[in-house]
Amino acid sequence: MSKIYIEQHNLNDTEAIQAELEGFLQQTFQSSREVETWLKNLSTFDDELREALDGHYIDFQAHNQDQQAKEAFEHDQEKIEPLIKTYTAKLDEKLMSSPFKDELDPKQYGRFLRSKENAMELFREENVTLEVEEDRLATRYFELTGGLSVDWNGEEKTIPELFPLLEDPDREIRKSAFDKIFQTLSKVEHDLQEIMDKLMKLRKQKAANSGLSNYRDYMFKKYERFDYTPEDCKQLAASIREYVVPLAEKIKKQKKKELGVEVLRPYDRSAVPKDRTPLKPFAQRDELVERTSKALGQLEPRFSELIDTMNEKGMLDLETRRNKSPGGFCTPLPVSELSFIFMNASHTHDDMMTLFHEMGHCIHNDLKRHLPLSYDRNTPMESSELASMTMELFSIDQWDHFYSKEEQKQAKLDLLRDIVTFFPSAIRVDQFQHWMYENPDHTQEERMAKFGELSRELSDGVIDWSGYEDARNKEWLFILHIFEVPFYYVEYVIAQLGALQMYKNYKEDPAGTLARYKHALALGNTQSLYEVYEAAGIRFDFSGEMIKELMEFLEEEISAVEQMKV
Ligand SMILES: [Zn+2]
């Protein structure tokens with residue numbers, strides 16, 4: 001395993017790390033200037049630790065059966081992370097009890113100090129131990145799901161390798177791939193359910209320790225979601241049902257017509273009609289990188305320079321393989337001043353979109369680089385996902401690097417339609433989590449039934465699930481967020497609404513919109529979500545009216561593409 005990250009501290013030496021942290025704690029201040037210097041140094045130390053920790057996380061995700069990678073990662077989880085949490089609480093207390101903190105410039109430090117106050121209210125030493133166990137359970141989830149392999153006509157394949165088969169024009173192949181995926185999942189289903197049970201208990205306890213009545217309230221506070229409430233999320237689900245589901249229904253019916261089938265079945269969702277071949281934007285990894293670089297360069301030379309540098313430095317782990325965890329993510333490496341992309345490409349259109357998405361995160365990280373405090377670079381997910389989801393839409397006009405005119409038309413249709421059908425499916429995952437933690441004592445059966453119920457409630461009714469009810473109830477087991485980063489999902493919905501506004505603006509004024517995009521992203525976490533969205537020239541707004549307006553826009557866009565002559 002070659003190392004792509006910089007390790008300035010030996011994390012194996014727990015005592016040395018503790019001594020460093022203790023050093024920060026023992027420092028005394030004579031002025032607010034000294035507090036500022038202390039904060040700056042602490043932030044640098046935090047960056048150094050973060051890069052090493054995330055580096056170990058990357059190693060483990062990339063080789064989840066490698067003993068050394070596993071040990072390093074587990075050591076971090078069990079020794080280093082708890083140490084950092086405990087010391088962060090002590091350091092917060094030190095800062096907040098210093099009289100000099102009131103002399104700090106409120107414009108620069110106001111948000112930071114409020115965040116520290118919030119963290120102090122939430123912190124309980126006993127939760128640190130619970131979080132070690134929580135992390136252990138999430139790791140187990142990755143081991144179980146990442147270790148799965150399937151026998152496909154005598155050939156061993158990973159689950160992500162089966163996904164392209166769901167697009168196959170041959171219905172029998174699709175059906176058989178779909179069945180295989182769920183049969184394979186069944187092998188670990190029992191274990192995954194047990195993991196979830198344990199997580200439920202643990203998370204309930206954490207909330208109680210912090211004096212909150214449920215884990216949902218705990219997470220809203222932890223994520224500093226002060227700009228919206230759980231009730232707003234419920235309202236958002238209702239608006240999606242009202243304004244998005246009818247359009248989703250129209251799209252699915254169109255799909256049924258294009259496929260020429262009597263009924264649309266679960267394994268037809270990504271299918272490509274018989275007279276078409278599935279989109280293949282690239283044949284091998286290097287082609288994907290090269291073409292994405294060209295496309296990004298057309299938007300902004302710096303964007304392509306960024307992906308080229310990342311590629312040269314080994315920061316792009318793109319292809320699927322056995323013993324690599326599923327999913328995709330982008331991690332900033334603050335010392336290297338670059339980002340790392342992890343994904344599981346199997347040469348489909350989705351892979352191309354995932355890379356544009358993750359590059360949106362990398363571009364965001366690049367634009368935030370100038371901010372000295374790590375706190376200011378640590379953006380909430382509602383703005384991080386705005387960066388990435390907008391990049392998917394900005395990339396549309398550059399797809400000639402991958403596709404013929406006719407393929408571009410198809411790809412664009414697919415993207416716009418997928419955005420519509422994504423909303424109900426995503427809000428379902430959000431509402432499922434609300435339910436889980438509002439009813440923490442539920443049984444495994446109730447949990448499965450609830451997911452099925454929400455799926456039906458938010459469904460457009462076009463797909464016939466008969467005979468597949470069980471698979472429908474189980475779909476959530478594939479969603480790693482529910483296990484690893486609970487409550488992280490509604491952000492995708494909120495950010496997608498922002499990204500659609502960006503796209504609408506971009507169509508009218510590409511240069512101006514791109515400039516505002518960069519300007520807004522460069523703000524990082526120094527301003528509120530309302531202000532960041534405003535700087536991007538859009539509104540942080542997920543009201544029914546906004547959704548209605550955007551669905552009308554999408555419907556027009558989709559029909560314009562459908563009528564396009566190529
Ligand atoms: Zn993302």
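Two strands count as paired if DSSP finds at least two bridges between them. Strands themselves are DSSP runs of E with at least two residues, helices are runs of H or I with at least four, and both are numbered from the N terminus. With that in hand, S4 and S5 turn out to form a hairpin with four residues between them. Glu337 sits in the turn and has a positive phi of about 55°. All of this comes from a predicted model, in which local features need pLDDT of at least 70, side-chain atom pairs count only at pLDDT 80 or more, and totals for chains, interfaces and linings use all residues. Residue numbers start from 1 along each chain as its sequence is written.

S4 and strand S5 (residues 338-345) run antiparallel and are joined by five bridges. Across this pair, Cys330 stands opposite Ile341, and Thr331 stands opposite Phe340. As for burial, a residue is called buried if 20 or more other C-beta atoms lie within 10 Å of its own, exposed if 12 or fewer, and partly exposed in between, with C-beta atoms placed from the backbone. Four of the five residues of S4 are buried, so S4 is largely enclosed by the rest of the structure.

Now for the helices. Helix H9 (residues 230-243) has 14 residues and spans 20 Å from its first C-alpha to its last, close to the 20 Å expected at 1.5 Å a residue; the expected span is 1.5 Å times one less than the number of residues. Which residues of H9 are buried? They are Cys233, Leu236, Ala237, Ser239 and Ile240. The buried residues pack against helix H10 (245-259), helix H16 (405-438), helix H20 (490-508) and helix H23 (544-563), where contact means C-beta atoms, placed from the backbone, within 7 Å.

Two of those partners also pack on each other. H16 and H20 meet at an angle of about 150°, their axes 8 Å apart; axes are lines fitted to C-alpha atoms, for helices over the stretch in contact, and angles run from 0 to 180 degrees between N-to-C directions. On the H16 side, the contact is made by Ile419, Phe422, Phe423, Ala426, Ile427 and Asp430, and on the H20 side by Val490, Tyr492, Val493 and Gln496. H20 has 19 residues and reaches 28 Å from its first C-alpha to its last, close to the 27 Å expected at 1.5 Å a residue. Of its 19 residues, 15 are buried, so H20 is largely enclosed by the rest of the structure.

Glu224, in the loop between helix H8 (215-222) and H9, has a positive phi of about 55° although it is not a glycine. With 16 C-beta neighbours inside 10 Å, Glu224 counts as partly exposed. Phe487 lies in the loop between helix H19 (480-484) and H20, and its phi is near 75°, again a positive value in a residue other than glycine. Phe487 is buried, with 25 other C-beta atoms within 10 Å.

Technical notes:
Contact = placed C-beta atoms within 7 Å.
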